[in-house]
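Biologist: I would like to go through this with you, asking at each step what lies behind the words we use. Please set each value against its definition.

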Amino acid sequence: MGTPVRISLTLPSGSTIELVGTIKRFVEQGELDGRGPGIDISLQSLPQSVMWLIESALSSAGITPRPVPDPKETLSPPPPPAEDERPEESPALSDGDEWVQAEGDLVKALWQELNSMSKMNEFQLLDLEYSASDQEVRAAFGALSKRYHPDRFTRYESFEIRELANEVFILLRDAYRKLANEQGRRDALTAIEAKKEGSAAQQRVATPPPPPTKPRRTPPPPIPKAAQGEARRTPPPPIPTPPPPTPAPASAPVAASAPKMTQNYASPASTPVSNLATPRAPTSPGESANRVTMGMNVLESGQYEQALRILRVEARKDPTNVTALAGVELAEGRLALVNGDRMEAAERFEAALDIDPSNERAAREIADMRRHATSQRRGLLSKLMKKV
Amino acid sequence: MARIIGIDLGTTNSCVAVFESGAGPRVLAGSANRRTTPSVVAYTGERNSGDVLVGEKALRQAVTNPKRTVFGAKRLIGRKVNAKDVGWFARTAPFRIVSAPNGDAWVRVDDTPISPQEVASHVLRELRTQAEEALGEPITRAVVTVPAYFDDSQRQATRDAGTIAGLDICRILNEPTAAALAYGAHRVREGRRIIAVFDLGGGTFDISIMAVENNVFEVLATNGDSALGGDDWDRVLIDHWVDSIFDEHRVDLTSDPVAMGRLKEAAEGAKRALSSERTATIQLPYLHAADGPEPIHIERKITRDQFNALTADLLNRLKDPCFGAMQDAGLVASDIEEVLLVGGMSRAPAVQAQVEEIFQQPASKAANPDEVVALGAAAHAGILAGDDEEATLLDVAPHTIGIKVGSTGFAEIIKRNSMLPVREHKLFATNLDDQEFVEVEIYQGESETITGNRKLGQVRLGGLPRGKAGTVRIKLTVTVDVESILSVKATELSTGKSAQVRITASGGLSADDLEEIVEKRRTEAMSVPRPPEDD
């Protein structure tokens with residue numbers, strides 16, 4: 001009892017998850033609906049990204065997770081309910097179970113959505129360009145209202161679903177109220193710029209340990225998850241493979257490499273990219289910044305593999321370049337999406353946002369995925385409700 | 001999923017409708033294909049027998065049974081008996097209006113005090129039955145409309161009426177919003193349109209300004225007067241005639257309920273006639289037959305100009321709410337593309353002229369002014385039930401919410417016309433050294449002092465850290481959801497200690513009262529006479 005345990009789970013994707021906890025008690029034969037004998041383990045709280053990984057693994061293995069734990073549990077420090085060591089075969093679900101599960105899934109999706117939304121700026125919340133007009137702001141908010149207004153959730157019996165929807169909508173309405181007119185949009189932009197510069201300056205002063213660069217399909221280091229505000233600020237742990245020793249000049253202006261708000265991300269890359277894959281070292285800071293920007297443009301134009309190569313090189317050269325590091329994660333995420341691995345993609349995007357909280361693309365990608373997840377789960381629950 | 005019906009619970013007439021997937025809302029007619037039901041309840045049979053007639057049947061016997069025929073319950077619901085307009089109403093109503101122990105306005109029939117919630121519940125039950133017969137299925141849920149300018153206790157009292165009638169009220173919807181929803185839904189076209197809904201009903205006046213775009217109905221501002229309606233125009237006529245009869249015959253008709261009932265009916269008729277005619281005549285033979293040797297016969301003539309002169313004050317009261325709403329919406333008259341008239345009293349030419357003057361444009365009339373609110377309620381029911389995934393309604397909080405500061409000051413936290421749901425924060429500091437607790441009192445209203453506003457509730461946060469006055473800071477978070485339910489949280493910033501309350505307005509009846517009434521109804525249904533009450 002109380003003995004610390006460590007379990008290494010290797011997922012079908014090749015990722016390994018370290019589960020750390022203590023033994024709560026020994027389960028006798030036949031206990032827990034005949035699932036015994038075994039041990040009941042209290043796990044330390046799981047980072048959100050690990051939850052995503054497990055979910056991804058279960059879904060790719062064709063196993064439906066059991067009714068979700070209370071989302072508050074999964075997001076707050078107290079340990080989640082003990083899990084068995086091995087993922088068990090799920091029994092065929094009856095309609096009632098299905099309903100409970102669908103409700104739980106929706107709660108979880110909304111909770112996660114709310115979580116990522118709380119990190120977004122007003123434009124990201126409404127899925128708008130920074131140059132949006134009155135008309136575009138209204139249209140965006142109108143479209144989101146059709147999906148998220150609390151009236152759309154009154155039909156669900158679960159109090160929790162309705163409360164979460166309420167919270168999501170409050171964020172949207174506040175963003176709308178701020179952006180509804182031109183003056184408001186200008187003020188919001190100024191505030192976003194100031195915040196960005198503030199965080200860039202902080203990074204320059206603090207020079208945190210280099211964030212992890214993740215080669216695809218290798219065990220991901222535990223990502224400090226943004227689910228909890230405090231956790232998010234912890235510097236990432238040292239990476240398993242040290243970066244190649246090409247430290248950028250100490251004066252490397254991180255802020256300069258961060259894209260400007262006013263830049264139009266949607267513009268396709270007009271620069272030829274054929275020979276950019278081969279790094280030419282050493283480069284001046286300005287040149288490096290250009291190459292990162294170029295990499296991001298290549299990414300935007302849809303050439304993910306290409307972009308990944310460029311950005312990886314830049315990230316290796318300057319492990320403090322958050323734009324490049326986040327870009328790597330973004331490119332990985334996009335590739336995962338292309339391959340249909342939504343869970344992996346979400347994890348990559350979350351990682352990008354953790355590395356660079358002001359990263360536009362990451363925030364938008366995540367918003368998109370969250371919305372998708374919510375609407376899928378609502379669809380399922382509504383279908384079940386109609387059956388009854 | 002079971003259907004949700006939409007009910008327009010009007011001061012004079014009520015109407016019920018339902019949303020049909022794919023076809024939109026439609027009115028559910030009652031017997032003899034009547035599409036609206038008079039909001040009248042008559043207590044008949046033995047004293048306290050609980051026998052009631054509702055609607056047309058009740059209206060038909062009103063003249064012969066004036067003291068036991070209750071109308072206008074909506075004017076009393078959730079209100080105090082000492083409110084000014086309740087006093088006016090009491091003076092002209094042939095039935096008695098009394099004070100409940102908590103000061104609420106109730107009616108007294110025979111010797112039994114009856115809450116307006118109970119009266120209204122008879123109307124709701126009648127509509128529910130009507131809907132069940134039309135649809136051939138049991139109905140338990142409804143969206144019920146109220147004037148936008150109803151306060152929280154009037155809304156809650158309306159909800160309670162639903163509970164008594166065995167209806168779960170999924171949402172209380174504002175009448176002008178409902179009207180716009182029904183009206184605008186047929187006219188979806190490209191671009192954003194700003195419309196004003198001018199709703200002057202039997203007992204209330206609402207003005208709402210909305211933006212309609214791509215099936216999203218956004219209320220920009222709402223304003224009104226919950227004590228101004230067509231009945232007030234009647235009252236002016238009645239008062240006018242009561243005075244002239246007193247001058248001529250030295251008889252005060254206000255103590256003769258039968259005469260007052262007939263006079264009211266005549267006044268309504270004359271008012272309606274004046275909408276199309278230049279003059280109207282009333283003839284009331286044997287109006288009063290007390291003391292004097294001769295019974296009093298009355299014949300009076302009134303011209304439209306005379307009538308308009310008498311009611312000029314009422315017409316004037318329509319202005320402020322309209323300008324207030326435009327100001328809150330940040331608009332001027334020329335921004336408004338269309339003004340939609342709703343409610344029976346908006347048929348009066350003088351009212352229409354006033355609207356034209358305020359908004360500098362002719363107003364359009366709803367095709368079916370008596371049904372448009374119920375249709376809107378049904379449309380919203382369709383949204384809530386998931387039968388309509390397109391239309392979206394963004395409504396506002398009609399009143400400002402704030403807290404008491406100092407001895408009588410009122411500090412605004414949530415401004416009126418904020419889109420719901422809404423959450424606002426405000427920081428406050430202690431005003432005593434080593435203050436141990438704070439008690440935050442929450443008020444609703446537009447006055448700058450709390451005495452002019454209504455208290456909704458309070459939250460107490462104890463165990464404050466010691467500190468000089470003004471150094472201990474408390475963050476107050478107020479949230480109002482789409483159901484207008486208010487939650488208030490007070491957090492002390494240095495310790496993070498907090499206290500939270502969820503405030504549901506009281507409609508005047510406690511949970512126990514409600515349970516008792518519901519139980520009583522059940523007993524009545526089994527025809528067991530009820531012992532008289534003596535409170």
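Biologist: Where is the place of B:Ile238, and why does B:Ile238 count as buried?

Modeller: B:Ile238 belongs to helix α6 of chain B, residues 230–249, where helices (H or I, at least four residues) and strands (E, at least two) are DSSP runs numbered from the N terminus. This is a predicted model, in which local features need pLDDT of at least 70 and side-chain atom pairs count only at pLDDT 80 or more, while totals for chains, interfaces and linings use all residues. Residues are numbered from 1 along each chain as its sequence is written, and chains are lettered from A and ligands numbered from 1 in the order in which they are written. A residue is called buried if 20 or more other C-beta atoms, placed from the backbone, lie within 10 Å of its own, exposed if 12 or fewer, and partly exposed in between. B:Ile238 has 21 such neighbours inside 10 Å, and therefore counts as buried.

Biologist: Which residues does B:Ile238 touch, not counting those up to four places away in sequence?

Modeller: They are B:Thr92, B:Leu263, B:Lys264 and B:Ala267, a contact being two C-beta atoms, placed from the backbone, within 7 Å. B:Leu263 is 25 residues from B:Ile238 in sequence, with 6.5 Å from C-alpha to C-alpha.

Biologist: What makes α3(B) largely enclosed by the rest of the structure?

Modeller: Of the 20 residues of α3(B), 14 are buried, so the helix is largely enclosed. Helix α3 of chain B, residues 116–135, reaches 28 Å from its first C-alpha to its last, close to the 28 Å expected, the expected span being 1.5 Å times one less than the number of residues. Just after α3(B), B:Gly136 takes a positive phi of about 70 degrees.

Biologist: Which strands does α3(B) lie across?

Modeller: α3(B) lies across β5, β6 and β7 of chain B and runs at about 60 degrees to β6(B), with axes being lines fitted to C-alpha atoms, for helices over the stretch in contact, and angles running from 0 to 180 degrees between N-to-C directions. These three strands form an open sheet in the order β6-β5-β7, with antiparallel pairing.

Biologist: Why do β6 and β7 of chain B stand at the edges?

Modeller: Two strands pair if DSSP finds at least two bridges between them, and β6 and β7 of chain B each have a single partner strand, so one side of each is left without a neighbour in the sheet. Neighbouring strands of this sheet are turned by 20 degrees against each other on average, direction ignored.

Biologist: How do you know that β5(B) and β7 of chain B pair, and what joins β5(B) to β6 of chain B?

Modeller: β5(B) has three bridges to β7, residues 69–71, among them that of B:Val40 with B:Phe71, and three bridges to β6, residues 52–54, where B:Tyr43 has B:Val52 as its partner. Both faces of β5(B) are covered, with B:Val40 and B:Ala42 buried on one side and B:Val41 and B:Tyr43 buried on the other.

Biologist: Turning to chain A, why are α13(A) and α14(A) called roughly antiparallel?

Modeller: Two packed helices are described by the angle between their axes and the distance between the axes. Here the axes of α13(A), residues 322–338, and α14(A), residues 342–355, come within 8 Å and cross at roughly 170 degrees. Angles under 35 degrees count as roughly parallel, over 145 as roughly antiparallel, 65 to 115 as roughly perpendicular and the rest as oblique, and this pair is therefore roughly antiparallel. By class, their contact has eleven nonpolar, one polar and five charged residues, where Ala, Val, Leu, Ile, Met, Phe, Trp, Tyr, Cys and Pro are nonpolar, Asp, Glu, Lys and Arg charged, and the others, Gly among them, polar.

Biologist: How many residues of chain B are in contact with chain A, and which elements give two or more of them?

Modeller: 19 residues of chain B are in contact with 15 residues of chain A, and the elements giving two or more residues on the chain B side are α12 (372–385) and β20 (392–394) of chain B. That side divides into eleven nonpolar, three polar and five charged residues. β20 of chain B is also an edge strand, with β19, of the six-stranded open sheet β19-β18-β13-β14-β15-β20, whose pairing is mixed.
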